[in-house]
Amino acid sequence: RTTVDGLLRDGVWPWEGEASAAWMIRGTTFVDCVAIGVEVRFFVDADEGCVLLCRHTSLNDIVRFSRHVAHLEAHLQRKGISVRDSPPGAEPEDVQDDFVDDFDNDDDNGTDAPWASRIAAMLQDVGRGCAALRSEAWQSLALCGQNWCASRSHLAQALLQAPTGAAAVASLLKAGRAAPIAEMYPMVIALKFAASCTHPASLSVELAGLLASDDFSPLVAAELSEVRQSLKAL
């Protein structure tokens with residue numbers, strides 16, 4: 001989105017004079033803390049104007065990819081650009097968001113034991129060898145903190161004070177930019193909510209030092225800044 005904004009602001013398109021060529025952005029975006037591989041190709045068409053072709057490169061979550069494309073469309077419209085999401089006469093795809101959350105029936109007043117045991121089970125997956133399983137576990141922890149206030153004190157205990165969780169957090173923070181972004185980003189989101197229930201004095205010296213580091217991608221660094229602000233506010 002930042003790249004698109006720059007093109008709109010400068011009014012200079014990289015394909016000017018090359019009407020038959022395409023220009024491409026490829027990267028990773030996050031929807032609900034899930035990493036989605038995205039490729040966007042820009043074409044110039046004499047009749048249609050600028051054509052954007054969005055491709056789901058990771059093929060891991062078509063529902064969230066569709067939501068990302070809808071967000072991009074809304075962003076362009078806010079910039080005053082007329083957007084038509086399909087060619088004339090084409091039928092739009094009917095993508096149903098049938099995601100069912102296992103915790104939908106829980107409320108903020110549940111007992112301590114269920115949250116503690118759920119978070120412990122997620123942390124077990126964080127320590128496993130499969131990268132996809134680790135990513136999903138961090139995503140689940142992040143969404144717990146984001147969606148359920150009752151989970152946050154348990155997240156704080158598990159991620160910032162308990163030895164196993166603190167070691168998993170420290171391992172990713174030590175890796176810095178080299179850490180898999182699909183694990184690092186949701187981990188930092190989980191930390192952001194855990195930090196609201198954590199006093200800075202309870203952090204280990206090692207963890208406090210790692211949180212103060214700046215060897216992170218801009219996306220992760222922005223979220224870590226909020227983690228530090230939450231800790232200072234307590």
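**Reading the chain step by step**

A: Begin with the contacts along the chain of this predicted model. Among contacts between residues at least 6 apart in sequence, 57% join residues at least 24 apart.

Q: How many helices and strands are there in the chain, and what pattern does the chain follow along the sequence?

A: The chain holds 9 helices and 3 strands. Read along the sequence, their pattern is α-β-β-β-α-α-α-α-α-α-α-α.

Q: What percentage of the residues in the chain is buried?

A: Of the 234 residues, 37% are buried. The accessible surface of the chain comes to about 13,300 Å², and carbon and sulfur atoms account for 51% of that surface.

Q: Is glutamine 139 buried or exposed?

A: The cut-off for a buried residue is a relative accessible area under 20%. Glutamine 139 has a relative accessible area of 12%, so it is buried. This residue lies in helix 4 (residues 131-147). Leaving aside neighbours within four places in sequence, glutamine 139 is in contact with Cys33, Val34, Ala35, Ala182 and Pro186.

Q: How are two packed helices described?

A: They are described by the angle between their axes and the distance between the axes. Here, helix 5 (residues 152-161) packs with helix 7 (residues 181-195) at an angle of about 115°, the axes being 8 Å apart. The crossing of helix 5 past helix 7 is left-handed.

Q: Which residues of helix 5 and helix 7 meet?

A: Helix 5 contributes Arg152, Leu155, Ala156, Leu159 and Leu160, and these meet Ala190, Leu191, Phe193, Ala194 and Ala195 of helix 7. The residues of this contact comprise 9 nonpolar, no polar and 1 charged.

Key:
Residues numbered from 1 in each chain as written. Predicted model: local features only at pLDDT ≥ 70, side-chain atom pairs only at ≥ 80, totals over all residues. Heavy atoms only, no water. Helix = DSSP H or I, 4+ residues; strand = E, 2+ residues; numbered from the N terminus. Buried < 20%, exposed > 50% of the residue type's maximum accessible area, 1.4 Å probe, protein only. Contact = heavy atoms within 4.5 Å. Areas by Shrake-Rupley, 256 points an atom, 1.4 Å probe, with all protein chains shown as cover. Axes fitted to C-alpha atoms, helices over the stretch in contact; angles between N-to-C directions. Left-handed = near helix turned anticlockwise from the far one by under 90°. Nonpolar A, V, L, I, M, F, W, Y, C, P; charged D, E, K, R; others polar.
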